[in-house]
Structures are given as structure tokens and as C-alpha cells.
Amino acid sequence: MSSALYDVPGPKAAARHRLYGVLTTVLLAAVLGWVVWKLFDTEQFTYQKWMPFEYRGVQELLLRGLGNTLKAFALTALFALPFGALFAAGRLSDHRPVRWVCTVVVEFFRAMPLLVMIFFIFVAMQVQPLWALVAGLTLYNGSVLAEVFRAGVLAVPKGQREAAFALGMRKTQVMAYVLVPQANRAMLPSIISQLVVALKDTSLGFLITYEEFLHAGKLIATNLDYDLPFIPVVLVIAPVYIGMCLLLSWLARWVEQRGRRSPRIKGGAPMAKAGVAMGLPPEAQ
């Protein structure tokens with residue numbers, strides 16, 4: 001077997017790669033073992049430090065915070081996707097003023113630090129914590145998604161656009177029926193990956209007193225009366241965040257794998273098999 005990008009490794013290279021893999025695995029296992037040993041050494045797994053999580057009030061606080069996190073994420077996704085699609089269409093517009101305005105908006109909010117936007121909306125504009133968080137996340141992630149949409153449309157071969165215009169289709173029809181359906185395969189994994197970023201960024205809400213998941217963990221840790229109270233809380237909260245992000249990442253991989261499959265056309269009249277006819281054409285007989 002051969003590859004157009006690199007030569008297939010020989011026996012010595014394959015053995016060397018296996019050695020690198022074993023050394024890397026041993027190193028990662030050693031780091032993980034050291035972390036676990038430090039946790040045991042500082043008595044982070046004692047019953048006294050995990051007993052508060054058995055209380056119903058603590059569990060309800062965590063569940064309420066998780067619900068608020070998912071609420072902020074759902075609202076962000078609901079607003080950021082149309083925002084990105086709208087400004088991506090504006091950046092692709094043939095009208096120069098529209099294209100310039102959309103470019104300025106997208107580049108400004110894409111370059112602006114997210115935390116600065118959230119604080120400005122919350123403090124200067126006196127917006128409620130939930131909507132200040134959602135607005136900041138929408139402006140930032142919507143601007144990034146606008147670039148994703150624009151790049152996906154421009155990635156479609158130019159001949160597709162020219163062929164559609166040659167058939168007499170208007171630009172709106174070309175975009176809706178030719179370019180966007182073909183660009184979806186390239187865009188969807190990137191869109192879902194950006195939504196993973198938006199989900200993680202909802203944790204910034206605790207800085208403006210929004211009662212999301214991380215804020216709930218902070219309230220629990222500040223009310224515990226033993227050393228290093230944040231470590232058990234982090235050990236509870238971190239796997240939940242990791243699980244949600246892994247779920248969205250799995251969805252991105254599933255969408256990517258599904259997009260690689262060749263589309264199948266169902267129905268339609270059966271096509272006759274092509275054959276070769278011998279002799280002269282009918283006009284010459």
C-alpha cells in the first residue's frame with residue numbers, strides 16, 4: 001500500500017512508532033498517577049469532603065445551575081445561528097455598502113474579547129445577567145459562525161455557481177438551491193464545534209452573578225469548612241462539562257461521517273443500460 005502524501009513506514013519506522021506510542025502512554029499514565037496520588041495525599045476522597053453532595057439542597061442547587069447553563073446555551077444557539085447566516089449573506093452581497101457594513105460588524109465582534117462584551121452589556125447597559133451573557137455569546141459566536149458560513153459557501157466549486165446562473169436562476173435561487181445544500185457538508189461539523197465553544201463559554205456567567213452550573217459550584221465551595229473545598233466541587237462539575245462537550249463533539253463526528261456518504265436518489269423511472277449498437281446510424285440507412 002502507498003500514499004500520495006507520505007511513504008508507508010517500513011519495519012524500522014513502524015517499530016520506532018510503536019516505541020513512541022508506548023513511551024507516550026507510560027508518560028501519560030505517570031502524570032495521571034501523580035495527580036491521583038496528590039489527591040489522595042491531600043485527603044480529597046475522604047467521606048467528610050464528599051458528604052455535602054448527599055444533601056438534597058446541594059443536589060437541587062447543582063441541577064438548577066445545570067438547567068440555567070443549558071438554557072443560556074440554547075438561547076445562544078437560537079440567536080447565533082441566524083445572526084451568522086444573516087451576516088454571512090451580507091458579506092457575500094453584491095452591494096458594496098451592505099458588504100462593508102457586515103464586514104465591519106463581523107470583524108469587530110470577532111476581535112472583541114468576549115468577557116469585555118459581557119461586562120459592558122451587563123454593567124453599562126444594565127441588562128439582566130442571563131440576557132447579558134446570551135447577548136455577548138451571540139455577538140461573538142455569531143460572528144465566528146458568519147465566517148464559517150461564508151467560507152463554506154465559497155468552498156463550493158465555482159463551476160456550480162456559473163452553471164446555475166447559465167440556467168437562468170436568480171442569485172437567491174443559486175444560494176438556496178445550489179450553494180448552501182452543497183456547503184452544508186463542510187459547514188456542519190465546524191458549526192457544531194463552535195457550539196461546543198459556546199457551551200463552555202457559558203461558564204463566564206458566574207462573573208456577572210448568573211446562577212449557572214459553575215456559579216452553583218462556587219456557592220457550594222464557599223460554604224464548605226475544610227481545606228481546599230474547590231477540588232471536590234471541581235471533580236463533580238468538570239465531568240459534567242466534559243460529558244456535554246463530548247456529546248456535542250460526537251454529534252459533530254456523526255454529522256461529518258454522514259455527510260461523507262454519497263447521496264442516494266430514491267424513486268424515479270428506471271434507466272436502461274447503455275449498450276453499443278453495431279452498423280450504420282439510422283439516418284444513413
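This is a predicted model: local features need pLDDT of at least 70, side-chain atom pairs count only at pLDDT 80 or more; totals for chains, interfaces and linings use all residues.

Me: What makes up the secondary structure of the chain?

Reply: It comes to 10 helices and 0 strands. Helices are DSSP runs of H or I with at least four residues, strands are runs of E with at least two, and the numbering goes from the N terminus. Read along the sequence, that gives α-α-α-α-α-α-α-α-α-α.

Me: Why is Arg 91 called buried?

Reply: Buried means under 20% relative accessible area, exposed means over 50%, and partly exposed is in between (1.4 Å probe, protein chains only). Arg 91 has a relative accessible area of 14%, so it is buried. Buried residues make up 33% of the 285 residues in the chain.

Me: How do you know that Arg 91 forms a salt bridge with Glu 147?

Reply: The term needs a side-chain nitrogen of Lys or Arg within 4 Å of a carboxyl oxygen of Asp or Glu. The closest N and O atoms of Arg 91 and Glu 147 are 2.4 Å apart, so the pair passes. This pair links distant parts of the chain: Arg 91 is in helix α3 and Glu 147 in helix α6, 56 residues apart. Glu 147 is buried, at 15% relative accessible area.

Me: What makes Arg 91 and Glu 107 a salt bridge?

Reply: Their closest N and O atoms are 3.4 Å apart, so this pair also meets the cut-off. The two link distant parts of the chain, with Arg 91 in helix α3 and Glu 107 in helix α4 (residues 96-111), 16 residues apart. Glu 107 is partly exposed, at 32% relative accessible area. There's a network here as well: salt bridges link Arg 91, Glu 107, Arg 110, Glu 147 and Arg 150.

Me: What about Glu 60 and Arg 56: why is that a salt bridge?

Reply: The N to O distance is 3.1 Å, so the pair counts. Both residues lie in helix α3, 4 residues apart, about one turn of the helix. Glu 60 is partly exposed at 39%, whereas Arg 56 is exposed at 63%. A search of the whole structure finds 5 salt bridges.

Me: What makes the phi of Gln 126 worth a look?

Reply: Most residues other than glycine have a negative phi. Gln 126 has a positive one, near 55°. Gln 126 sits in the loop between α5 (114-124) and α6 (129-154), and its relative accessible area is 65%, so it is exposed. Thr 209 has a positive phi too, near 65°. Thr 209 is in the loop between α8 (171-201) and α9 (213-222), and counts as exposed at 52%.

Me: What makes a space a cavity rather than a pocket?

Reply: On a 1 Å grid over the protein atoms alone, a cavity is a set of points where a 1.4 Å probe fits but cannot get out; a pocket is an open set with protein on both sides within 12 Å along at least five of seven lines, and lining residues have an atom within 4 Å of a point. The count comes to 1 cavity of 30 Å³ or more, and the largest cavity holds about 40 Å³. A volume here is the space filled by probe spheres set on the points, with grid points joined across faces, edges and corners. α3 (56-91) and α9 each supply at least two residues of that cavity's lining, with α3 giving the most, 4 residues.

Me: Which kinds of residue line the largest pocket?

Reply: They divide into 9 nonpolar, 1 polar and 1 charged. Ala, Val, Leu, Ile, Met, Phe, Trp, Tyr, Cys and Pro count as nonpolar, Asp, Glu, Lys and Arg as charged, and the others, Gly among them, as polar. The largest pocket has a volume of about 180 Å³, and its largest share of lining, 4 residues, comes from α8.

Technical notes. Residues are numbered from 1 along each chain as its sequence is written. Side-chain values use heavy atoms; hydrogens and water are left out.
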